[in-house]
Amino acid sequence: MRTFLLTTIIFLAVSIGYGASVVIKKYRTASDYASGKSTGITIRHDGKLTLLQTNLPQIWQLAKTQSSLYAATANAASVLAIDKNGDTTHVYSGKEAAIFALAGDSKDRLYFSPSPGGAIYQFHNGQRRKLLTVEATYVWDFLPHGDDMLVATGSPGTILSSAQP
């Protein structure tokens with residue numbers, strides 16, 4: 001019995017010594033995921049994971065209108081419409097670096113701005129049109145506000161108000 005007890009104690013001590021230990025690793029930014037391979041998810045620029053499956057490496061913005069969900073991407077700039085079944089269609093594809101500004105309004109219109117460049121586009125009823133070009137390198141964000149739209153720009157940093165057509 002003494003041999004059995006001694007053998008059991010040695011076995012447990014060795015098992016504990018060679019057993020697995022808990023390692024906690026936190027992923028907070030997209031660069032934390034850079035060494036891995038994403039399958040079935042998309043890694044946003046801020047490190048958050050989304051379930052939209054695309055062939056695009058980065059999704060910068062999401063916007064919702066009454067009829068669709070839209071995703072703005074980088075490398076190269078594009079805007080995708082995502083229907084209720086998860087099917088995507090390209091609304092815009094360009095040579096710019098990214099689409100940083102993307103917003104929908106209450107009238108089912110989408111606004112986006114490829115950067116750099118300062119051009120602002122509207123997408124409505126399947127039609128895309130260029131609304132205006134602001135004197136700024138980047139358009140960072142939009143806020144539809146009643147009949148106007150607030151536009152946040154960079155280089156120079158300005159908030160503009162523009163009447164929505």
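Where is the place of D108? D108 sits in the loop between β7, residues 98–104, and β8. I start there as a way into the model, which is a predicted one.

D108 is not a glycine, yet its phi is positive, about 65°. As background, most residues other than glycine have a negative phi, and most peptide bonds are trans. D108 also counts as buried, because its relative accessibility is 18% and the cut-off for buried is under 20%.

Next to the salt bridge. How many salt bridges does the structure hold? The structure holds one. The side chains of R109 and D105 meet in it, at 2.7 Å from N to O. In general terms, side chains of opposite charge can pair when their charged atoms come close. What about the burial of the two partners? R109 has a relative accessible area of 10%, so R109 is buried. D105 is at 9% relative accessibility and therefore counts as buried.

Now the other places where the backbone stands out. Phi of S155 is near 60°, again a positive value in a residue other than glycine. S155 is in the loop between β12 and β13. A cis peptide bond joins S155 to P156, with omega about 5°. P156 lies in the loop between β12 and β13. So S155 has a positive phi and takes part in a cis bond, because nothing in the general rule excludes it: most peptide bonds are trans, and most is the word used. The peptide bond from S115 to P116 is cis too, with omega near 0°. P116 is in the loop between β8, residues 110–115, and β9.

In what order do its strands run? The order is β11-β12-β13, in an open sheet of three strands with antiparallel pairing. The edge strands are β11, residues 138–145, and β13, residues 158–163, and each of them pairs on one side only. From one strand to the next, the twist averages 25°. Strand β12 covers residues 148–154, and six bridges join β12 to β13. The two run antiparallel. A152 stands opposite I159 in β13. For anyone new to this, strands of a sheet pair through backbone hydrogen bonds, either parallel or antiparallel.

On to the aromatic rings. How many aromatic pairs are there? The count comes to nine. I will show two of them.

One is Y70 with F123, an edge-to-face pair with 6.2 Å from centre to centre and 75° between the planes. Y70 lies in strand β4, residues 69–73, and F123 in strand β9, so this pair ties together parts that are 53 residues apart in sequence. Both Y70 and F123 are buried.

The other is Y92 with Y121. Their ring centres are 5.4 Å apart and their planes stand at 40°, so the pair is tilted. Y92 belongs to strand β6, residues 88–93, and Y121 to strand β9, so the pair ties together parts that are 29 residues apart in sequence. Y92 counts as buried at 8% relative accessibility, and Y121 counts as buried at 14%.

There is also a cluster. Ring pairs link W60, F100, Y138 and W140 into it.

Q122 is found in β9, which spans residues 119–124. Is Q122 buried or exposed? Q122 is buried, with a relative accessible area of 5%. Its side chain makes a polar contact with the side chain of Y111, at 3.3 Å.

Last, the nonpolar core. Which residues have the most contacts inside the largest one? They are Y70, V79, V91, I99, L102, L110 and F112, in a core of 15 residues. Y70 is the residue from the edge-to-face pair with F123. The elements that give two or more residues to this core are β4, β5 (78–82), β6, β7, β8 and β9. Which element gives the largest share? That share, three residues, comes from β9. In soluble globular proteins, nonpolar side chains tend to be buried together.

To close, two things to look for on the screen.

Definitions and conventions: Residues are numbered from 1 along each chain as its sequence is written. This is a predicted model: local features need pLDDT of at least 70, side-chain atom pairs count only at pLDDT 80 or more; totals for chains, interfaces and linings use all residues. Side-chain values use heavy atoms; hydrogens and water are left out. A salt bridge is a side-chain nitrogen of Lys or Arg within 4 Å of a carboxyl oxygen of Asp or Glu. Buried means under 20% relative accessible area, exposed over 50%, partly exposed in between (1.4 Å probe, protein chains only). Two strands pair if DSSP finds at least two bridges between them. Helices (H or I, at least four residues) and strands (E, at least two) are DSSP runs, numbered from the N terminus. Axes are lines fitted to C-alpha atoms, for helices over the stretch in contact, and angles run from 0 to 180 degrees between N-to-C directions. A polar contact is a pair of N or O atoms within 3.5 Å; within protein, one must be able to donate a hydrogen and the other to accept it, and residues adjacent in sequence count only if both atoms are side-chain atoms. Rings of Phe, Tyr and Trp (its six-membered ring) pair if their centres lie within 6.5 Å; planes under 30 degrees apart count as stacked, over 60 as edge-to-face and the rest as tilted. A nonpolar core is a set of buried Ala, Val, Leu, Ile, Met, Phe, Trp, Tyr and Cys residues joined through side-chain atoms within 4.5 Å.
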